[in-house]
Amino acid sequence: MNRSSILPIAATALLLAAGACSTTAEDADPDAWRTDARLGEQVDRICFSSSIDNFREADRRTVIVEKGVNDEYLIETMGNCYNLKNAMSLSLDTFGGSSCIGRGDSIYAYDSAFGPDETDLAPVRCPISAIYEWDEDALDQEDDMDGEE
């Protein structure tokens, strides 16, 4: 069982600085994302792990990953993954070296933009519990509908 298919993913410094300094609704209610208009259907797996462009809006249990312009997914982890919220880079650990990720695969969060370094002595494994489609434009569409009433 080869679990060495780990892909580092770096986020932009601007997004990370903004996220690290702000308090969000998720801090008050960690499950607020479940009623978010942008949340789509749950999917079994996503096959993109070699072409992730970015990640954002991470908290202790969820992170949004982007592949291309309009291909986004919210990944939920099991339990609290305390270092996911402040991550500067991520890696995906897939079971059997597959290019697809799904339930049971893992995310590792690092406090360095370049992946694991000497400060990441024992990175925390964050098992994936579910993956959902994410539609960033759905929030704008919901606002447009509210304005028409």
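**Exercise 1. Describe the surface and the overall make-up of the protein.**

Solution. The protein exposes about 8,500 Å², of which carbon and sulfur atoms supply 51%; accessible areas are computed by the Shrake-Rupley method with a 1.4 Å probe, and for residues only the protein chains shown count as cover. The structure is a predicted model, in which local features need pLDDT of at least 70, side-chain atom pairs count only at pLDDT 80 or more, and totals for chains, interfaces and linings use all residues. Residues are numbered from 1 along each chain as its sequence is written, and side-chain values use heavy atoms, with hydrogens and water left out.

Next, consider the secondary structure. The protein has three helices and ten strands; helices (H or I, at least four residues) and strands (E, at least two) are DSSP runs, numbered from the N terminus. Their order from the N terminus is β-α-α-β-β-β-β-β-β-β-β-β-α.

Of the 149 residues, 40% are buried, where buried means under 20% relative accessible area, exposed means over 50%, and partly exposed lies in between (1.4 Å probe, protein chains only). Among contacts (heavy atoms within 4.5 Å) with a separation of 6 or more, 62% are between residues 24 or more positions apart.

**Exercise 2. Locate the disulfides and state which parts of the chain each one ties together.**

Solution. The structure holds two disulfides, each being a pair of cysteine sulfur atoms within 2.5 Å.

Step 1. Cys47 is joined to Cys100, with an S to S distance of 1.8 Å. This link is right-handed, with 100° about the S-S bond. Because Cys47 lies in strand 3 (residues 45-47) and Cys100 in strand 8 (residues 100-102), the pair ties together parts that are 53 residues apart in sequence. Cys47 is partly exposed at 45% relative accessibility, whereas Cys100 is buried at 16%.

Step 2. Cys81 is joined to Cys126, with an S to S distance of 1.6 Å. Cys81 lies in the loop between strand 6 (71-77) and strand 7 (89-93), and Cys126 lies in strand 10 (residues 125-134), so this pair ties together parts that are 45 residues apart in sequence. Both Cys81 and Cys126 are buried.

Step 3. With bonded cysteines counted along the chain, the disulfides follow the pattern 1-3, 2-4.

**Exercise 3. Describe strand 9 and the strands with which it pairs.**

Solution. Begin with burial: five of the five residues of strand 9 are buried. Ser106, Tyr108 and Tyr110 point one way from the strand, and Ile107 and Ala109 point the other way.

Turn next to pairing, which requires that DSSP find at least two bridges between two strands. Strand 7 and strand 9 run antiparallel and are joined by five bridges; Leu90 has Ala109 of strand 9 as its bridge partner. Strand 9 also pairs with strand 10 in the antiparallel sense, over three bridges, and Ser106 has Pro127 of strand 10 as its bridge partner.

Then examine Ser106 itself. Ser106 lies in strand 9 (residues 106-110) and has a relative accessible area of 0%. Its side chain makes a polar contact with the side chain of Arg125 at 2.8 Å. A polar contact is a pair of N or O atoms within 3.5 Å; within protein, one must be able to donate a hydrogen and the other to accept it, and residues adjacent in sequence count only if both atoms are side-chain atoms.

**Exercise 4. Identify the nonpolar cores and the surroundings of Tyr132.**

Solution. A nonpolar core is a set of buried Ala, Val, Leu, Ile, Met, Phe, Trp, Tyr and Cys residues joined through side-chain atoms within 4.5 Å. The largest core has 21 residues, and those with the most contacts inside it include Val63, Ile75 and Leu90. Strands 5, 6, 7, 9 and 10 each give two or more residues to this core, and its largest share, three residues, comes from strand 10. A second, separate core of six residues includes Trp33, Ala130, Tyr132 and Trp134.

Tyr132 lies in strand 10 and is buried, with a relative accessible area of 12%. Its contacts beyond four places in sequence include Trp33, Leu39 and Leu74. Tyr132 and Leu74 are 58 residues apart in sequence, and their C-alpha atoms are 5.1 Å apart.
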